[in-house]
Amino acid sequence: MNEWMELEKKYLMYNVARPPVVLIRGKGTRVWDDQGKEYLDFMAGWAVAALGHSSDVVVNALCEQARKLIHVSNQFYTIPQIQLAELLVQNTVFDKAFFANSGAEANEGAIKLARKYGKVKLNGAFEVITALHSFHGRTLAMVAATGKEIYQRPYLPLPAGFRNVEFNDLDVIKGATTADTCAVMLEAVQGEGGVNIAGKEYLQGVRQWCDEKGILMILDEVQTGIGRTGTFFAYQQYGIEPDILTMAKGLGGGVPIGGFLAKEKAAVFEAGDHGTTFGGNPLVCATAYATVKEVLSKDIPGHTRRMGEYLLQKFAEMKDKYSFIKGYRGLGLLAAMDFDQQIAKDVVNKCVDNGLLLNATSPITLRFMPPLIIEKSEIDEAAGILDNVLQEFQA
Ligand SMILES: *Cc1c(COP(=O)(O)O)cnc(C)c1O
């Protein structure tokens, strides 16, 4: 056994079953392990490496800012944070930004903002309606928000104030809304839940319902943001404007940064209401600024849309060939393939053996989320590896 695996077993807390791969280097759409083996990366570190691994844009911004100023407290003005906020506000429908360190923390902050809104504008309403099969992060409150029992069971009792209802069903949201409701929080595409794409009428209906009730609509775009679905943010394809949007994953091109954007009316924090030590520090904000600037100036969302369509075309060809492929779907470069048998884990392991990193969101579902800079030839390559692997499962 590889010595790093032995050492990890000895010193790290066990929290995930990993394949026997120790990654040490990455460039573009590829990563390499400590044996020198190359992998095409269709996970991108959970949809983080938007510009690919060690992109010059990210590396240069990181190094340049590291030499200037890495961290000071949020007690003082710092320029990269202001510039990043301006860039995000100018390219969205929002008015104000707040930066944190992760997706879970971004969502926590958004929920606190919604609760404050409930306190001052809605007679103390505090409850947030979320969807089953959602994913909002691993903190206690976000585990309560995430409608997935296996993440909740070991940690009961959970913080109160969340109601998990069926996804893509407006009536259950209406039914769950009470005088205590201050917000609805949803993903435009449930990534971790298996790439479940929200219907357009659904999100538009939720928007209308929230307006009618005077409650806030929060969109968790931690996974779908920064071009992943073929527009800068996914809400832009739905003809809606959320009141609050959360982001993280792709935002920093690999450095840990999260945050949320809010409409003026929802931006009700006052001095002392919320804060963070690391959130929005100069190092991560300068890197995120360079990442977002590159995504926007090179129209990477447009490229993502085209490559996403091409990927689905490849899936269509495979579905014609293999009867056990039940279906596939995707929005931009967030895609999934379903099987009619529980083979997803085995397919993933065989793909990894053959140099393609993939992930299974369930025993029957594969998820695909390569770096957004992926090219057709690389999609062909990945599809070739997957096709070879699937041949082994053909009865
Ligand atoms: C990954 C994810 C989160 C949690 O982000 P972390 O950075 O892991 O805390 C929240 N929401 C969605 C939609 C995600 O995909």
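1. Let's start with cysteine 182. In this predicted model, cysteine 182 is buried, with a relative accessible area of 0%. Cysteine 351 counts as buried too, at 0% relative accessibility.

2. How many disulfides does the model have? The count comes to zero. Cysteine 182 shows how this works out: the nearest cysteine sulfur belongs to cysteine 210 and is 10 Å away, whereas a disulfide needs two cysteine sulfur atoms within 2.5 Å. As a reminder, a disulfide is a covalent bond that joins the sulfur atoms of two cysteines.

3. Now look at the ligand. Which residues surround the ligand? They are Ser102, Gly103, Ala104, Asn107, Phe135, His136, Gly137, Glu187, Asp220, Val222, Gln223 and Lys249. Sorted by class, this shell has six polar, three nonpolar and three charged residues. Helix H5, residues 103-121, gives the most to the shell, with three residues.

4. A polar backbone atom of alanine 104 is 2.7 Å from an oxygen atom of the ligand. In glutamine 223, an N or O atom of the side chain lies 2.7 Å from a ligand oxygen atom. Aspartate 220 has a polar side-chain atom 2.7 Å from a nitrogen atom of the ligand. On its own, the ligand has 380 Å² of accessible area, and the protein covers 82% of that.

Terms used: Residues numbered from 1 in each chain as written. Predicted model: local features only at pLDDT ≥ 70, side-chain atom pairs only at ≥ 80, totals over all residues. Heavy atoms only, no water. Buried < 20%, exposed > 50% of the residue type's maximum accessible area, 1.4 Å probe, protein only. Near = heavy atom within 4 Å. Polar contact = N/O pair within 3.5 Å; in protein donor to acceptor, adjacent residues only side chain to side chain. Areas by Shrake-Rupley, 256 points an atom, 1.4 Å probe, with all protein chains shown as cover. Helix = DSSP H or I, 4+ residues; strand = E, 2+ residues; numbered from the N terminus. Nonpolar A, V, L, I, M, F, W, Y, C, P; charged D, E, K, R; others polar.
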